Amino acid sequence: MSKKWNFKKFTSSRESSLIFVLIILCALIQMRNHEFLTLKMFENLFKNYAVIMILAVGMMCVLLIGGIDISIGSTLGLSGMCASLFMRDHQEAPILVVFLISMAVGVIVGFILGCIVSYGEVPPIIATLGGMYALRGLTYLAADGQWVASYQFTKAYKDFAQARYLGFGVVNNLVVIMAIVYVIFYIFLKWTRTGRKIYAVGSNAEAASVSGIKISSVKLLCYVIMGFLCGLCGAVYTSLYASAQGDMGTGMEMDVIASCVVGGVSLNGGRGSVTGVFLGALIMAVVGKALPLIGVSQYWQTAIKGFIIVVTIVLNIITQRVMEHKNMKERGA
């Protein structure tokens, strides 16, 4: 009986439906391009979409508290630019120092935005919209309208995104970083008190406040986490593409939010899982990687992504209403 119940629970879960969609999607693409389902292709997919996948975890935390952050592309741009400018002027600097500078800038930005949202009580969409433009302007000002070219990067920094030493010579460095981030946040959100507080704030802020949870502190933490991951991705991005430009990261927030939505994170807060976000980000990555392989034009790629987002949001709303209706019937019974 227990095994039957567990199997039924799994097959009705959001994650199982995402796995099913992913399998069907990969099968259809493989029929059009027989070189798709290869280890090399998937390693390149994870490497090239590591930034989106890492940022999706941070966005999940923000969405769980009922917030949103549309400034992440600009935060990534400013963090990556500051770190790249430092490396340009200090060629002897170790890779770790460059990463730490980028992450520090991201944390500062996240802290400022978090204070505006949590203590200033400014609606998240307004605060991060203003932040998006302000941070983008600061990125251009910091670089004085220029950009850091490949030859101004150290060889070790450029090689980092292509090397495998973090994965013991087997897995690409960026894939290892992405995997570590997901493991840490899976544990953090599932098995720590702070992680449960994040869910509680998003589910019912008033009840969470009554139970002694400091709402403002939890919201601030989530934006600091988002800023930290933006800083991490700022360094990852510049290492991967071996350049730092004022417009890097532009529009990235849409792919990140889409990954969360496809993964089952509720835009109203309080609902979502790290596993779901990973699968949602992977589906978006597969779509982004596969469409050019099967000859779909850039314009259709954008349209298809938009269609997936709209359909997923509608399905999420329907599923949520069905679950609420089912819970109400069970309570009435």
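**Helix packing**

Tutor: Ala258, Ser259 and Val262 of helix α13 make contact with Val277, Gly280, Ala281, Ile283 and Met284 of helix α14. Sorted by class, the residues of this contact are six nonpolar, two polar and no charged. The model is predicted, and what follows should be read with that in mind.

Two packed helices are described by the angle between their axes and the distance between the axes. For α13 (residues 252-262) and α14 (residues 274-293), the angle is about 125° and the axes are 7 Å apart. Because of that angle, α13 counts as oblique to α14. The crossing of α13 past α14 is right-handed.

Nine of the 11 residues of α13 are buried, so the helix is largely enclosed by the rest of the structure. The buried residues are Met252, Glu253, Val256, Ile257, Ala258, Ser259, Cys260, Val261 and Val262. Among them are Ala258, Ser259 and Val262, which are the α13 residues that meet α14. Glu253 is buried as well. After α13 comes Gly264, which has a positive phi, near 95°.

A second pair is α6 (residues 95-118) and α12, whose axes come within 6 Å and cross at roughly 150°. An angle over 145 degrees counts as roughly antiparallel, and α6 is therefore roughly antiparallel to α12. This crossing, too, is right-handed. The contact has 13 nonpolar, nine polar and one charged residues. On the α6 side, the contact residues include Phe99, Met103, Gly106, Gly110, Phe111 and Gly114. On the α12 side, they include Lys219, Tyr223, Gly227, Phe228, Gly231 and Val236. An α-helix has 3.6 residues a turn, so residues three or four places apart point the same way.

Ser239 is buried, because its relative accessible area is 1% and the cut-off for buried is under 20%. The side chain of Ser239 lies 2.7 Å from the backbone oxygen of Tyr157. Leaving aside residues up to four places away in sequence, Ser239 touches Tyr157, Lys158, Phe160 and Ala161.

Technical notes: Residues numbered from 1 in each chain as written. Predicted model: local features only at pLDDT ≥ 70, side-chain atom pairs only at ≥ 80, totals over all residues. Heavy atoms only, no water. Buried < 20%, exposed > 50% of the residue type's maximum accessible area, 1.4 Å probe, protein only. Polar contact = N/O pair within 3.5 Å; in protein donor to acceptor, adjacent residues only side chain to side chain. Contact = heavy atoms within 4.5 Å. Axes fitted to C-alpha atoms, helices over the stretch in contact; angles between N-to-C directions. Helix = DSSP H or I, 4+ residues; strand = E, 2+ residues; numbered from the N terminus. Parallel < 35°, antiparallel > 145°, perpendicular 65-115°, else oblique. Left-handed = near helix turned anticlockwise from the far one by under 90°. Nonpolar A, V, L, I, M, F, W, Y, C, P; charged D, E, K, R; others polar.
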